[in-house]
Amino acid sequence: MHEYAITESIIEIVLSEAAQAGAGCVDEIRVVIGELSSFSDSSIEFYFEELSRGTTAEGARLVFEKIEASAECCACGYGFRPRSAFYACPECGSRLFELKQGQEMYVDSIEVK
Amino acid sequence: MKIEVKKNILARNDTAAAENRERLARQGVCMINLMASPGAGKTSVIMKVIENLPDRYAMAVIEGDIASEIDSLAIEALNIPALQINTGGSCHLTALMISSALDHLDLDSLDLVIVENVGNLVCPAEFDLGETGRVMIASITEGHDKPHKYPTIFREVDAILVNKTDLLPYCDFDMASFRQVVEELNPDGAVIELSCKDGCGTDDWCGWIETAINGSKTRLSS
């Protein structure tokens with residue numbers, strides 16, 4: 001459900017960039033999502049269709065690029081890929097780790113004409 | 001034509017949150033973002049603070065709900081300023097909503113603002129409001145497995161209230177197992193057992209709030 005607000009933000013960013021470039025139509029929107037951010041691609045697509053209607057972003061293709069998570073264990077320093085926020089270090093079993101990557105959420109680029 | 005954008009989707013919320021945080025810090029006001037599932041006891045937990053916080057502290061409440069003014073009317077009945085935000089379907093409060101609400105409060109005369117977020121364990125954890133502290137409630141009837149299912153929120157809060165402890169004899173809630181998992185996820189988080197029904201734990205909860213208020217004042221004077 002929180003994808004509604006996320007999709008509104010995506011459209012706001014895209015429309016502002018497109019207007020600055022004087023573009024009449026947005027063909028593609030590339031969105032980067034860290035694998036641990038709790039946003040669903042399909043929900044964003046669902047809301048996008050509705051929220052972009054009547055704007056220059058209507059009909060644009062949404063392309064999602066996932067970024068793998070990476071973390072460093074606070075106990076033993078081991079670097080690993082946590083698959084969820086409830087993940088233990090595979091080396092020492094500690095659940096305390098510092099996320100280095102995996103919670104990103106940004107509009108990477110757009111294709112306009 | 002390709003345009004490089006590289007813009008954080010939550011940037012607008014994060015900017016508004018930083019502005020809220022600065023505004024509160026300037027006035028030495030402590031703002032607590034209270035999050036929990038529907039029915040965990042958010043409003044009751046706030047009522048406990050209203051009833052027990054020493055009179056020298058002035059507080060206000062911002063109520064977030066999808067619809068209705070039931071909660072804000074209940075708070076106002078206790079002569080505490082209460083603002084109702086109806087999100088109209090949105091499952092969480094945003095920093096911009098809080099910013100507008102703060103405009104309607106006399107921050108000069110306040111020590112504490114408690115924000116009751118929309119009942120939900122997922123979305124509110126993703127949106128920074130500019131709060132001073134984050135508190136969540138896990139109630140006994142929800143079961144002890146919730147930290148396994150919603151680890152993000154358990155990781156990110158400063159305190160976890162375990163509410164409805166009066167129901168422990170009637171539920172299969174394993175407190176030791178719950179505490180162990182929470183400790184693993186969030187070793188710095190305070191775990192406070194509480195019953196809004198019989199009042200057990202009220203002193204601990206209100207003591208935590210008082211420490212948070214004084215923390216905001218100390219930061220202001222330093």
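**Group meeting: pockets, cysteines and a sheet**

By class, 7 nonpolar, 4 polar and 3 charged residues make up the lining of the second largest pocket. Here Ala, Val, Leu, Ile, Met, Phe, Trp, Tyr, Cys and Pro count as nonpolar, Asp, Glu, Lys and Arg as charged, and the others, Gly among them, as polar.

Some ground rules. This is a predicted model, in which local features need pLDDT of at least 70, side-chain atom pairs count only at pLDDT 80 or more, and totals for chains, interfaces and linings use all residues. Residues are numbered from 1 along each chain as its sequence is written, chains are lettered from A and ligands numbered from 1 in the order in which they are written, and side-chain values use heavy atoms, with hydrogens and water left out.

A pocket, on a 1 Å grid over the protein atoms alone, is an open set of points where a 1.4 Å probe fits, with protein on both sides within 12 Å along at least five of seven lines; lining residues have an atom within 4 Å of a point.

Back to the second largest pocket, which holds about 240 Å³ of space. Of its 14 lining residues, the closest to the centre are Ala5(A), Glu8(A), Ser9(A), Thr94(B) and Leu96(B). α1(A) gives the most to this lining, with 5 residues. Helices (H or I, at least four residues) and strands (E, at least two) are DSSP runs, numbered from the N terminus.

Next, the largest pocket, with about 710 Å³ of space. It is lined by 28 residues, and closest to its centre are Leu36(A), Gln103(A), Glu126(B), Thr152(B) and Glu156(B). Two or more lining residues come from each of β5 (97-101) of chain A and α6 (151-156) of chain B. α6(B) gives the most, with 5 residues.

β5(A) also belongs to an open sheet of 3 strands in chain A, in the order β4-β3-β5, with antiparallel pairing. Strands pair if DSSP finds at least two bridges between them. The edge strands are β4 (79-80) and β5 of chain A. Strand β3 (residues 70-73) of chain A is joined to β5(A) by 4 bridges, and Ala71(A) has Leu99(A) as its bridge partner there.

Last, the cysteines. Cys89(A) is buried, at 3% relative accessible area, while Cys200(B) is partly exposed at 47%; buried means under 20%, exposed over 50%, partly exposed in between (1.4 Å probe, protein chains only).

Note on methods
Points joined across faces, edges and corners; volume = space filled by probe spheres on them.
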